[in-house]
Amino acid sequence: MDIKIKTLKALELNVGRENPKCLLKIFNPYGAGTWYLTEYYESDQTFFGYCDLGLGFPEWGYVSMAEFNTCEQLEVDRYWTPIPSEDVPGYHKGLIGAEE
C-alpha cells in the first residue's frame with residue numbers, strides 16, 4: 001500500500017480541527033474493511049478516522065501504519081474525493097450515544 005507523503009502531511013494538518021475532512025480512504029477490494037481517515041500522527045505513525053470492518057459496529061478510532069502494512073490486500077482509493085466527516089457513509093453509527 002502506497003500512501004503519498006503529501007497526503008500524510010495534509011492529514012497531519014487536520015489534527016485538532018473541528019469536523020475535519022476525510023482525506024484518505026483505504027479499503028479491502030476482496031472483502032470487508034473500509035477506513036475513512038481524517039488525521040495522521042507522525043510521532044507514532046497512527047491514523048484517526050472512521051473504521052468499518054464489516055462486523056456491524058463501525059467506529060471512530062485509531063489505527064497504526066504498521067497494522068495497515070501487515071494486510072497485503074488493502075488499497076488506497078486513488079479516486080477518492082475528500083468529504084466532510086459527517087458525509088461518510090454510516091457516520092452517525094460510529095458515534096457514542098448516537099441513535100440508530
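1. Two strands pair if DSSP finds at least two bridges between them. Strands are DSSP runs of E, at least two residues long, numbered from the N terminus. With those terms in place, Ile-26 stands opposite Trp-35 in β3.

2. On the basis of the model: it is predicted, local features need pLDDT of at least 70, side-chain atom pairs count only at pLDDT 80 or more, and totals for chains, interfaces and linings use all residues. Residues are numbered from 1 along each chain as its sequence is written, and side-chain values use heavy atoms, with hydrogens and water left out.

3. Strand β2 (residues 24-27) and β3 run antiparallel and are joined by 4 bridges. The hairpin they form has 6 residues between the strands, and Gly-33 there has a positive phi near 120°.

4. On β4 (residues 46-52), 7 bridges link this strand to β3, again in the antiparallel sense. Asp-52 in β4 is the bridge partner of Thr-34. The hairpin of β3 and β4 has 4 residues between the strands, with Gln-45 at a positive phi near 50°.

5. How many residues of β3 are buried? In this strand (residues 34-41), 7 of 8 residues are buried, where buried means under 20% relative accessible area, exposed over 50%, and partly exposed in between (1.4 Å probe, protein chains only).

6. On the cysteines: Cys-51 counts as buried because its relative accessibility is 12%. Cys-71 has 29% and therefore counts as partly exposed. A search of the whole structure finds 0 disulfides, a disulfide being a pair of cysteine sulfur atoms within 2.5 Å.
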